[in-house]
Amino acid sequence: RKGSVVITGASSGLGLATAKALAESGKWDVIMACRDFLKAERAAKAAGMPKENYTIMHLDLASLDSVRQFVDSFRRSGRPLDALVCNAAVYQPTANEPAFTAEGFELSVGTNHLGHFLLSRLLLEDLNKSDYPSRRLIIVGSITGNTNTLAGNVPPKANLGDMRGLAGGLNGLNSSAMVDGGNFDGAKAYKDSKVCNMLTMQEFHRRFHEETGITFASLYPGCIATTGLFREHIPLFRILFPPFQKYITKGYVSEEESGKRLAQVVSDPSLTKSGVYWSWNKASASFENQLSQEASDPEKARKVWEISEKLVGLA
Ligand code: NDP
């Protein structure tokens, strides 16, 4: 049978390119989990995705109620779950003030990390029930959270500190809106959320890989300088960033190529190793990359996991 894969944030950029690659392979039924149904439908049509291989379902990761409703509707649809791709993200590098999710968590960590944390924790049960030969849970990471790389050292650097802000609920009222308890910085909040994503993937691996056989993986898809992720950046940045990545850092990758990379992590028979952070070299060959010290710290991973469980109402 065809595999059944849920991809969050499949209405643009990497998520859309991945949905397209998998739908076109003919081997997957792609569930595009998106907050804007019409936008997703238009994007899928414009990309020429074969109609019989995708379905759009509503999911707003900035609302935990919406996450729970998505899980209910997905289950009611009667589909199996063979792979889950946590891809959606918001990035607010120029925001002066924090924005918040429905539950009052700072928006970047609330959407990118906490929304996906609840979604993946709930859907683990469904993945576990599937009889598909290789079940996978993938959380998209980023190099920007890796302070062991050049790009990860561009200030402001990711740093979760002692997580006092996260423990306080990131609400900007009686706690800071930042994980480490510091002053709000939108670019740092995004990087922190990506570190939480990578720590969560590893904690999933430690807790559930042996018992379930599910593959847990993360990846850095390359710098996709043309996606909507940079939509809130200043105009000059948006003009200069793609050529800068193409000719100077040479980390540039097209949306199509990045989608093929993530599609490999979903379905390539050779990428079944669990607990791995995949990257690609200049010849576009995949390799197991090293994470920064903070992004691979098991103590931090456990702490992110335990605090997040409380915040999303699982503990
Ligand atoms: P885009 O902005 O193009 O795509 C982000 C997607 O997330 C969109 O579909 C967006 O929906 C969706 N989204 C945002 N908020 C929510 C929400 N509350 N609920 C549901 N969906 C939401 O960015 P990219 O494709 O670049 O980013 C995809 C992933 O790739 C992210 O995890 C990012 O961190 C990662 N990444 C990107 C890199 C790059 O260079 N671009 C580099 C490394 C990692 P909508 O269309 O409605 O806005």
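Predicted model: local features only at pLDDT ≥ 70, side-chain atom pairs only at ≥ 80, totals over all residues.
**Entry 1**

R302 has a relative accessibility of 33%, so I put it down as partly exposed. The cut-offs explain the label, because buried means under 20% and exposed means over 50%. I then looked up E306, where the relative accessible area is 33%, and I noted partly exposed there too. The two side chains form a salt bridge, with 3.2 Å from N to O. I checked where they sit: both are in helix α9, which covers residues 298–311. They are 4 residues apart, about one turn of that helix. I also wrote down a network in which R75, E125, D126 and K129 are joined by salt bridges that share partners.

**Entry 1: other salt bridges**

Side chains of opposite charge can pair when their charged atoms come close. I looked up the count for this model and found 20 salt bridges. One of them is between R1 and D82, with the closest N and O atoms 2.7 Å apart. This pair connects distant parts of the chain, since R1 and D82 are 81 residues apart. R1 belongs to the segment before β1 (3–8), and D82 to the loop between α3 (64–76) and β4 (83–86).

Are R1 and D82 buried or exposed? R1 has 56% relative accessibility, so I listed it as exposed. D82 has a relative accessible area of 0%, so I listed it as buried.

I also looked at K188, which forms a salt bridge with D180. The closest N and O atoms of this pair are 3.0 Å apart. K188 has a relative accessibility of 10%, which means that it counts as buried.

**Entry 2: the ligand**

Next I turned to the ligand and its surroundings. How many residues are around the ligand, and which come nearest? I found 32 residues, and S11, K39, N87, Y190 and T227 come nearest. Sorted by class, the shell has 15 nonpolar, 11 polar and 6 charged residues. Helices α1 (13–25) and α6 (186–212) each contribute at least two residues to this shell.

- Y190 has a polar side-chain atom 2.6 Å from an oxygen atom of the ligand.
- D60 has a polar side-chain atom 2.8 Å from a nitrogen atom of the ligand.
- R35 has a side-chain N or O atom 2.8 Å from an oxygen atom of the ligand.

I also looked up how much of the ligand is covered. Taken alone, the ligand exposes 900 Å², and the protein buries 97% of that.

I went on to E257, which is in helix α8 (residues 255–267). With 25% relative accessibility, E257 counts as partly exposed. Its side chain makes a polar contact of 2.6 Å with the side chain of S284.

S284 is in the loop between β7 (276–280) and β8. The relative accessible area of S284 is 28%, so I wrote partly exposed.

S286 is in strand β8, residues 286–288. I noted 29% relative accessibility for S286, so partly exposed applies here. From S286 to R136 the C-alpha distance is 17 Å, and the two are 150 residues apart in sequence.

**Entry 3: positive phi**

Most residues other than glycine have a negative phi. M163 is another residue other than glycine with a positive phi, near 65°. I located M163 in the loop between β5 (136–140) and α5 (164–167).

Is M163 buried or exposed? Its relative accessibility is 1%, so M163 counts as buried.

**Entry 4: a nonpolar patch**

Last, I looked at the surface. I found a nonpolar patch formed by I234, L236, I239 and L240. Together these residues have about 410 Å² of accessible area. I looked up one of them, I234, and found it in the loop between β6 (215–219) and α7 (235–249). I234 has 46% relative accessibility, so I recorded it as partly exposed.

Note on methods:
Residues numbered from 1 in each chain as written. Heavy atoms only, no water. Patch = residues over 30% accessible without salt bridge, like charges linked within 9 Å, V, L, I, M, F, W, Y side chains within 5 Å. Areas by Shrake-Rupley, 256 points an atom, 1.4 Å probe, with all protein chains shown as cover. Salt bridge = Lys/Arg side-chain N within 4 Å of Asp/Glu carboxyl O. Buried < 20%, exposed > 50% of the residue type's maximum accessible area, 1.4 Å probe, protein only. Near = heavy atom within 4 Å. Polar contact = N/O pair within 3.5 Å; in protein donor to acceptor, adjacent residues only side chain to side chain. Nonpolar A, V, L, I, M, F, W, Y, C, P; charged D, E, K, R; others polar.
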